[in-house]
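Please read them with the coordinates open.

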Amino acid sequence: MGKEFLLNVSESFNKTNNALTLTLAFTAHSDDITVYPKVKISYYDVESEDMRRIATVNCRAIGYHAGLLFYKTLETSKGGER
């Protein structure tokens, strides 16, 4: 992305209700701004390992898209390219 951006995805699974919770922890830095947001996404009725892998890939895609939007918004607010 041309800037400092880190994404860590961790998961927890509740066997009682087959709930998978993925926590996306970001570090995004540009110029003098650094943010460290955390987002939790829950999936219910996760019954197979394939579903867990798909959920994890989906969350990574969501996280990287959020990073692109963050940097695009900063560039736009500075009067950069749209």
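1. Burial terms come first: buried means under 20% relative accessible area, exposed means over 50%, and partly exposed lies in between (1.4 Å probe, protein chains only). Phe-26, at 9% relative accessibility, therefore counts as buried. Phe-5 also counts as buried, at 15% relative accessibility.

2. On the basis of the values: this is a predicted model, in which local features need pLDDT of at least 70 and side-chain atom pairs count only at pLDDT 80 or more, while totals for chains, interfaces and linings use all residues. Residues are numbered from 1 along each chain as its sequence is written, and side-chain values use heavy atoms, with hydrogens and water left out.

3. Helices (H or I, at least four residues) and strands (E, at least two) are DSSP runs, numbered from the N terminus. Helix H1 covers residues 49–77, 29 residues in all, and its first and last C-alpha atoms are 42 Å apart. That is close to the 42 Å expected at 1.5 Å a residue, the expected span being 1.5 Å times one less than the number of residues. Gly-79, with a positive phi near 90 degrees, follows H1.

4. Which residues of H1 are buried? They are Ala-55, Cys-59, Gly-63, Gly-67, Tyr-71 and Leu-74. Their cover includes strands E1 (4–14), E2 (19–30), E3 (33–35) and E4 (38–43), where contact means heavy atoms within 4.5 Å.

5. A nonpolar core is a set of buried Ala, Val, Leu, Ile, Met, Phe, Trp, Tyr and Cys residues joined through side-chain atoms within 4.5 Å. The largest one here has 14 residues, of which Phe-5, Leu-7, Leu-22 and Leu-24 touch the most other members. E1, E2 and H1 are the elements that give two or more residues to this core. E2 gives the most, with five residues.

6. Leu-22 deserves a separate entry. Leaving aside residues up to four places away in sequence, Leu-22 touches Val-9, Ser-10, Glu-11, Val-39, Lys-40, Ile-41, Tyr-43, Ala-55, Thr-56 and Cys-59.

7. Rings of Phe, Tyr and Trp (its six-membered ring) pair if their centres lie within 6.5 Å; planes under 30 degrees apart count as stacked, over 60 as edge-to-face and the rest as tilted. A search of the whole structure finds four aromatic pairs. In one of them, the ring centres of Phe-5 and Phe-26 are 6.1 Å apart and the planes lie at 50 degrees, so the pair is tilted. Phe-5 is in strand E1 and Phe-26 in strand E2, 21 residues apart, and the pair links distant parts of the chain.

8. Phe-5 also pairs with Tyr-64, again as a tilted pair, at 5.8 Å centre to centre and 55 degrees between the planes. This pair links strand E1, which holds Phe-5, to helix H1, which holds Tyr-64, across 59 residues. Tyr-64 is partly exposed, with a relative accessible area of 38%. Ring pairs link Phe-5, Phe-26, Tyr-64, Phe-70 and Tyr-71 into a cluster.

9. Salt bridges are counted where a side-chain nitrogen of Lys or Arg is within 4 Å of a carboxyl oxygen of Asp or Glu. The whole structure has two by this search. Glu-11 bridges to Arg-52, with the closest N and O atoms 2.4 Å apart. Glu-11 lies in strand E1 and Arg-52 in helix H1, so the pair ties together parts that are 41 residues apart in sequence. Glu-11 is partly exposed, with a relative accessible area of 41%.

10. Asp-50 forms a salt bridge with Arg-53, and the closest N and O atoms are 2.2 Å apart. Asp-50 and Arg-53 are three residues apart in helix H1, so about one helical turn separates them. Asp-50 is partly exposed at 45% relative accessible area, and Arg-53 counts as partly exposed at 47% relative accessibility.

11. Backbone angles to check: most residues other than glycine have a negative phi. Asn-18, in the loop between E1 and E2, has a positive phi near 50 degrees. Asp-45, in the loop between E4 and H1, has a positive phi near 60 degrees.
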